[in-house]
Amino acid sequence: MINFVVKEFNAITSIELYEILRLRAEVFVVEQDCVYQDIDGKDIKALHVIGTKDDKIVAYTRIFNAGEYFDKASIGRVVVAKNERKYGYGHELIEESIKAVHNYYKTKEIKISAQTYLKKFYESHGFIKHGDEYLEDDIPHIAMFQE
C-alpha cells in the first residue's frame with residue numbers, strides 16, 4: 001500500500017530530499033539514459049507529491065501554480081520506482097497530483113509536458129494532446145491539457 005503526502009519544499013527533510021533526487025536520477029538519468037539538469041531551481045517554488053511505501057519514497061511529482069512554470073497549473077517530474085510500477089502506482093500518483101492541484105491551486109486547468117509514449121496513460125486521466133511532438137532533453141514529448 002502506498003501513502004501520499006503533499007509538502008512545500010521547506011517541509012521536506014534532508015533524507016526525503018535525498019530519496020527524491022535519487023529516485024529522479026535513477027529513472028530520468030540512468031534508466032532513460034538522459035543527461036539533463038534535474039536540479040533546476042524550480043523545486044523551491046513547487047509543491048511536492050510524495051508517495052511512500054514501507055517508509056521509502058517510491059513515487060513522486062512536483063506541481064506548480066499557474067505562472068510558476070507554465071501559464072496553467074502543471075504537474076512534472078512524474079516518477080515511480082521501476083520495481084513498483086507493476087502495482088499501478090503511476091495511476092494513483094497522477095490522481096493524487098490532480099487532486100493536489102485542485103485543492104491547493106483551486107483550478108482544474110492543468111498543463112503537462114508528457115513523454116510521448118505515455119500519451120494513452122495521461123489520456124486515461126482526462127488529459128488531451130495539444131500541438132505537435134517536440135524534443136525535450138532529446139526525448140519526444142507532447143503538450144497535454146486537462147480543463
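Predicted model: local features only at pLDDT ≥ 70, side-chain atom pairs only at ≥ 80, totals over all residues.
Now the rest of helix 1. The helix covers residues 14-31, so to speak for 18 residues. From first C-alpha to last, helix 1 reaches 24 Å, close to the 26 Å expected at 1.5 Å a residue.

Which residues of helix 1 are buried? Glu 16, Glu 19, Ile 20, Leu 23, Arg 24, Val 27 and Phe 28. Look at the spacing in that list. An α-helix has 3.6 residues a turn, so residues three or four places apart point the same way.

What do those buried residues pack against? Four strands: strand 1 (3-8), strand 2 (47-53), strand 3 (56-64) and strand 4 (73-80). Just past the end of helix 1 sits Asp 33, with a positive phi of about 50 degrees.

Step back to the whole chain. There are three helices and seven strands. Reading from the N terminus, the order is β-α-β-β-β-α-β-α-β-β.

Next, overall dimensions. The radius of gyration is 14 Å. A compact globule of 147 residues would have one near 15 Å, so the chain agrees with that. Along the principal axes, the C-alpha atoms fill a box of roughly 40 × 35 × 30 Å.

Burial and contacts next. Of the 147 residues, 44% are buried. Take contacts between residues at least 6 apart in sequence: 59% of them join residues at least 24 apart. The accessible surface is about 8,300 Å², and carbon and sulfur atoms hold 51% of that.

Strand 7 has two partners to show you. One is strand 5, residues 110-115, which runs antiparallel to strand 7 and is joined to it by six bridges. In that pair, Ile 110 stands opposite Gln 146. The other is strand 6, residues 128-136, also antiparallel to strand 7 and also joined by six bridges. Here Leu 135 stands opposite Pro 140.

Strand 6 and strand 7 form a hairpin, with two residues between the strands. Asp 137 in this hairpin takes a positive phi near 55 degrees.

Technical notes. Residues numbered from 1 in each chain as written. Heavy atoms only, no water. Expected span 1.5 Å × (residues − 1). Buried < 20%, exposed > 50% of the residue type's maximum accessible area, 1.4 Å probe, protein only. Contact = heavy atoms within 4.5 Å. Rg over C-alpha atoms; globule rule 2.2 N^0.38 Å. Areas by Shrake-Rupley, 256 points an atom, 1.4 Å probe, with all protein chains shown as cover. Pairing = 2+ DSSP bridges.
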